[in-house]
Amino acid sequence: MEMPLVVGVDGSEPSLRAVDWAADEAALRGRPLRLVYASLWERYEGNSLAEDLGKPSDQVMAEDVAETAARRVRTRQPDVKVTIDVLPEEPEYALVRKSRTAAAMVLGSRGRSSLTEALLGSVSVTVAGHAHCPVIVLRGSHDNRAVPGRHGRIVVGVGEEPADTAAMRFAAEEARLRGVPLEAVRAWRCPAHETTDHPLLAGEPARLHEEKAAEVLEAALRDVPADVEVHRRTVEGHARQVLLGASADADLLVVGARRHEGHYGLQLGRVANAVLHHAVCPVAVVPHRA
């Protein structure tokens with residue numbers, strides 16, 4: 001049975017945008033879409049959906065949220081098969097469990113909390129840090145409309161381990177499906193203690209670090225299909241700042257996240273955590289086993 005894309009829904013505007021984005025992604029991949037509404041409360045906590053349904057907010061139920069999202073998918077992508085799960089449990093646990101049988105998961109940038117727009121909702125952080133499949137978080141907008149990619153490129157961050165092929169495979173497939181170039185970015189830094197004041201040696205340590213970054217980049221790209229156009233970039237600086245800068249003109253930023261067996265804490269890493277909170281485009285976190 002083909003694994004579906006899963007999208008978390010809660011009736012909020014970021015959630016509706018995630019539904020639209022997930023519907024387009026499911027159509028692109030030719031996969032079914034599963035809508036998951038999970039809450040310990042039977043009633044929906046919000047006013048915008050109640051207005052759309054013409055009901056008082058205290059009469060909007062979980063089924064209303066899920067069915068409204070399903071209608072939205074059918075209107076936007078009629079050929080996508082849609083199923084609904086309404087679960088009486090905490091959304092973090094439900095979504096992580098659903099990630100075991102999902103091709104990928106799509107989430108809005110915020111839940112129903114009152115966090116500022118610069119921060120990410122706790123559900124998205126928790127799921128991205130524990131999921132068993134790639135998690136795409138819709139950064140970059142806070143309205144309820146998903147718009148087509150404007151920049152025509154997918155960016156993937158290349159880490160220390162070229163063996164981390166999961167993120168590269170995901171990014172390459174996204175680029176292939178969309179018919180856009182893949183830009184692979186490797187950040188590098190020259191430690192201060194390796195610099196020298198000798199005029200004949202000035203720049204030599206930096207050159208060696210840049211060459212090493214290029215080697216790591218090539219190793220990471222060796223299995224990218226030949227039909228994917230690849231652009232290579234080595235950039236001096238902190239990986240977090242380099243990738244945040246790259247997100248300004250990307251349609252999707254892809255990063256890897258190592259998962260350690262038997263470790264139950266949040267498993268994101270500093271780079272993934274930073275781009276999830278501050279990137280200006282959607283971010284895909286792709287897990288791989290350490």
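## Starting at L35

Setting aside neighbours within four places in sequence, L35 is in contact with V7, V9, A66, A69, A70, V73, V82, T83, I84 and D85, where contact means heavy atoms within 4.5 Å. Before going further, please note that this is a predicted model, in which local features need pLDDT of at least 70, side-chain atom pairs count only at pLDDT 80 or more, and totals for chains, interfaces and linings use all residues. Residues are numbered from 1 along each chain as its sequence is written, and side-chain values use heavy atoms, with hydrogens and water left out.

## The chain as a whole

The chain has nine helices and 10 strands; these are DSSP runs numbered from the N terminus, with helices being H or I of at least four residues and strands being E of at least two. Of its 290 residues, 50% are buried. Here buried means under 20% relative accessible area, exposed over 50%, and partly exposed in between, using a 1.4 Å probe and protein chains only. Among contacts between residues at least 6 apart in sequence, 76% join residues at least 24 apart.

How confident is the predictor? The average pLDDT of the chain is 82, and 76% of the residues score at least 70; pLDDT is the predictor's confidence in each residue, from 0 to 100. Over residues 111-120 the pLDDT is below 50, and this stretch has 29 contacts in the model beyond near neighbours in sequence.

In soluble globular proteins, nonpolar side chains tend to be buried together. In this model the largest nonpolar core has 47 residues, and V7, L33, L35, M168, L182 and V254 touch the most other members. A nonpolar core is a set of buried Ala, Val, Leu, Ile, Met, Phe, Trp, Tyr and Cys residues joined through side-chain atoms within 4.5 Å. Helix 6 (residues 165-178) gives the most to this core, with seven residues. Apart from it lies another core of 37 residues, including A94, L107, V135 and V275.

## Helices 1 and 6

Helix 1 and helix 6 pack at an angle of about 80 degrees, with their axes 10 Å apart. That makes helix 1 roughly perpendicular to helix 6, a label for angles of 65 to 115 degrees. On the helix 1 side, the contact is made by W21, E25, L28 and R29, and on the helix 6 side by F170, E174, L177 and R178.

E25 belongs to helix 1 (residues 13-29) and is buried, at 2% relative accessibility. Beyond four places in sequence, E25 is in contact with L5, E174 and R178. E25 and L5 are 20 residues apart in sequence and 8.2 Å apart in space, C-alpha to C-alpha.

## Two buried arginines

R186 sits in strand 7 (residues 182-188). R186 counts as buried because its relative accessibility is 11%. Its side chain reaches the backbone oxygen of V158 at 3.4 Å. Outside four places in sequence, the contacts of R186 include V158, G159, E160 and R233.

R153 lies in the loop between strand 5 (135-138) and strand 6 (154-157), and is buried, with a relative accessible area of 12%. Among the residues beyond four places in sequence that R153 contacts are E183, R233, D249 and D251.

## Around helix 5

Which residues of helix 5 (residues 122-130) are buried? They are S124, V125, V127, A128 and G129. The buried residues of helix 5 pack against helix 4 (91-98), strand 4 (104-108), strand 5, strand 9 (252-259), helix 9 (270-278) and strand 10 (283-289).

Conventions:
A polar contact is a pair of N or O atoms within 3.5 Å; within protein, one must be able to donate a hydrogen and the other to accept it, and residues adjacent in sequence count only if both atoms are side-chain atoms. Axes are lines fitted to C-alpha atoms, for helices over the stretch in contact, and angles run from 0 to 180 degrees between N-to-C directions. Angles under 35 degrees count as roughly parallel, over 145 as roughly antiparallel, 65 to 115 as roughly perpendicular and the rest as oblique.
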